[in-house]
Amino acid sequence: MSMFCFQCQEAAKGTGCTVKGVCGKTSDVANLQDTLLYVLKGICWYNDKLRAKGLNPARADKFIFDGLFSTITNANFDKGSFVDRINEALKLRDELGRKCEESSVELPVELPDFATWKGSTVDDFEAKGMNVGVLSTENEDIRSLRELVVYGLKGMAAYAEHAWNLGFKNDEIFAFMQRALIAVTEDLSVDELVKLTLDTGKFGVEVMALLDQANTSAYGNPEITKVNIGVRNNPGILISGHDMKDMEELLKQTEGTGVDIYTHSEMLPANYYPAFKKYKHLVGNYGNAWWKQKEEFETFNGPVLFTTNCIVPPLKNASYTDRIYTTGASGLEGAVHIPDRKNGEMKDFSAIIEHAKKCAPPQQIEKGEITGGFAHAQVFALADKVVDAVKTGAIKKFFVMAGCDGRMKSREYYTEFAEKLPADTVILTAGCAKYRYNKLPLGDIGGIPRVLDAGQCNDSYSLAVIALKLKEIFELNDINELPIAYNIAWYEQKAVIVLLALLYLGVKNIHLGPTLPAFLSPNVASVLVEKFGIAGITEPEADVKMFMGESAA
Ligand code: SF4
Ligand code: SF3
């Protein structure tokens with residue numbers, strides 16, 4: 001075994017990647033990620049003590065969530081970026097340690113290893129990762145709960161970073177994230193860890209609310225939009241990932257240059273925001289969910305900007321490797337990394353823009369339109385229509401099918417499930433899971449489309465707000481009395497925080513697929529089944545019947 005990682009749905013053999021990640025992560029990068037996480041715990045440990053005295057520097061918050069974010073599945077494959085981060089982390093940790101001493105912060109005589117460990121070479125960093133990773137917790141139930149919390153925190157970190165980029169921050173969220181990262185190193189009981197898991201869900205709701213506020217105050221409320229999926233005859237840049245601030249600055253810098261902008265995968269919902277729709281050179285969306293990028297980047301012809309996950313490391317003979325640019329927490333060896341904003345100035349996208357000008361226009365792979373933009377404000381604007389449709393029985397049930405897409409064949413389930421749903425049902429979606437059914441001709445119910453796309457995975461928050469609003473309108477005591485079923489697809493750690501947020505809101509009987517997480521031990525899985533009714537999936541037809549109450553669950 002040269003590494004161990006089981007944080008995503010693709011964990012090898014359903015247990016964990018031990019030689020190389022199925023995602024393409026090499027063992028050296030995996031071990032460096034473990035070491036980074038370890039030193040981040042040291043930073044949190046000192047920073048928490050400084051916070052109690054009001055002496056914690058804001059840049060530590062940013063460093064911590066950015067570090068966590070960089071370890072999310074498919075965000076960063078660049079070894080050099082992790083070596084740099086570990087060096088910076090050690091520097092920051094020791095600086096915070098000195099500040100504690102200077103400010104007479106009480107410290108125990110014996111400091112924890114993560115607060116003192118030193119390494120200076122890449123070999124030191126990699127070797128440390130082998131000893132401090134997931135398997136360093138021996139008890140499999142404690143390990144399972146600790147990792148459930150850590151993966152939730154990684155998802156939170158991603159959303160906190162996007163909100164931060166738009167000037168929105170919440171100290172309570174940062175304090176919780178940092179305390180939780182320390183708590184998973186402590187000797188907590190199973191009950192205490194279960195409580196920590198639900199608290200993580202609580203702050204998951206808060207961070208998604210914060211990001212919703214950030215996005216809507218900066219760019220307006222998403223509105224019903226028909227998004228073009230064809231191409232024009234100009235060179236283009238394809239922007240992927242989740243960061244709206246990058247989207248804004250790229251649109252501003254490309255306006256009038258003759259270079260068109262297309263969204264890819266999770267950036268599709270940018271097309272729904274009023275502030276972005278006004279740009280005539282935002283042509284539409286190109287391609288599908290992240291895992292189809294190997295083919296779709298070949299035909300796009302122009303450069304691709306990754307603002308976050310999901311990157312698939314290109315094959316050696318790929319034509320597009322030198323057309324990939326990364327920014328923010330994302331990274332890829334061989335790709336140009338566009339540096340962070342400095343002194344309140346915009347990021348400098350001139351290199352990718354100049355590159356695009358030399359490229360051929362994208363090759364058309366699809367044409368037509370897809371409709372989206374059903375975040376909470378837009379659905380509330382249609383509330384009367386929706387409520388009427390429920391009251392008259394025109395809509396029998398809603399299906400929340402938010403989450404992630406992935407390359408496993410078993411995910412064809414979600415297309416079939418959507419096709420087999422009765423015509424009087426509506427799918428509420430968010431995240432890249434939507435690509436399994438957002439181009440199907442599923443029609444509408446009295447003008448309400450049968451697939452309502454709220455946006456990115458973080459916009460699952462919108463789906464929760466909609467559910468809570470319906471509960472209020474129908475004067476119900478319990479969110480679970482609503483005619484809403486949850487059939488969620490997961491892949492990476494943002495889906496983990498979405499799941500924990502839903503559990504915190506009291507949602508029961510969530511079905512999770514295509515497989516249950518490898519990091520859930522049998523005992524922890526039983527707790528989730530008993531307490532929350534969590535279940536997996538079976539076959540589309542049987543599951544549709546089960547959800548519609550036509551057979552026993
Ligand atoms: Fe394996 Fe997923 Fe970890 Fe990649 S992120 S190494 S695929 S478990
Ligand atoms: Fe997709 Fe990677 Fe999770 Fe934001 S882009 S949902 S998998």
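This note goes through the sheet, its helices, the aromatic pairs and a few single residues of a predicted model.

1. Basis. The model is predicted, so to speak of local features requires pLDDT of at least 70, side-chain atom pairs count only at pLDDT 80 or more, and totals for chains, interfaces and linings use all residues. Residues are numbered from 1 along each chain as its sequence is written, chains are lettered from A and ligands numbered from 1 in the order in which they are written, and side-chain values use heavy atoms, with hydrogens and water left out.

2. Six strands make an open sheet. Their order is E4-E3-E2-E5-E6-E7, with parallel pairing. Strands are DSSP runs of E, at least two residues; helices are runs of H or I, at least four; both are numbered from the N terminus. Two strands pair if DSSP finds at least two bridges between them. The edges are E4 (282-285) and E7 (336-338). Each has a single partner strand, so one side of each is left without a neighbour in the sheet. From one strand to the next the twist averages 25°. Axes here are lines fitted to C-alpha atoms, for helices over the stretch in contact; angles run from 0 to 180 degrees between N-to-C directions.

3. E6 (residues 324-327) pairs with E7 in the parallel sense, over three bridges. Tyr 325 has Val 336 in E7 as its bridge partner.

4. Helices on the sheet. H11 (residues 293-300) packs on the sheet. It touches E2 (236-240), E3 (260-263) and E5 (304-306), and its direction makes about 155° with that of E2. Contact means heavy atoms within 4.5 Å. H12 (residues 350-357) lies across E2, E5, E6 and E7. H12 runs at about 135° to E2.

5. E1 and E8. E1 (residues 225-228) pairs with E8 (residues 369-372) in the antiparallel sense, over four bridges. Asn 228 stands opposite Glu 369 in E8. E1 has a covered face, Thr 225 and Val 227. Lys 226 and Asn 228 form its uncovered face.

6. Aromatic pairs. The count is 26. Rings of Phe, Tyr and Trp (its six-membered ring) pair if their centres lie within 6.5 Å; planes under 30 degrees apart are stacked, over 60 edge-to-face, the rest tilted. Tyr 286 and Phe 300 have ring centres 5.0 Å apart and planes at 70°, so this pair is edge-to-face. Tyr 286 is in the loop between E4 and H11, and Phe 300 is in H11, 14 residues apart. Both Tyr 286 and Phe 300 are buried. Buried means under 20% relative accessible area, exposed over 50%, partly exposed in between (1.4 Å probe, protein chains only).

7. A longer link in sequence. The ring centres of Phe 399 and Phe 547 are 5.5 Å apart, with planes at 90°, so this pair is also edge-to-face. Phe 399 is in E9 (residues 397-400) and Phe 547 in H19 (residues 540-547), so the pair ties together parts 148 residues apart in sequence. Phe 399 and Phe 547 are both buried.

8. Ring cluster and charges. Ring pairs join Phe 4, Phe 6, Tyr 151, Trp 490 and Phe 519 into a cluster. Lys 49 lies over the face of Trp 45, at 4.3 Å from the ring centre. Lys 202 has its charged end over the ring of Phe 203, 4.7 Å from the centre. The test is NZ of Lys or CZ of Arg within 6 Å of the ring centre and within 35 degrees of the ring normal.

9. Asp 61. This residue is in H2 (residues 58-70). Asp 61 has a relative accessible area of 5%, so it is buried. Beyond residues up to four places away in sequence, Asp 61 touches Asn 47, Arg 51, Asn 56, Trp 164, Asp 171, Phe 174 and Gln 178.

10. Tyr 219. This residue is in H8 (residues 190-219). Its relative accessible area is 4%, so Tyr 219 is buried. Leaving aside neighbours within four places in sequence, its contacts include Leu 166, Met 244, Tyr 273 and Phe 276.

11. Cysteines. The structure holds zero disulfides (pairs of cysteine sulfur atoms within 2.5 Å). Cys 5 is buried at 14% relative accessibility. Cys 310 is buried at 7%.
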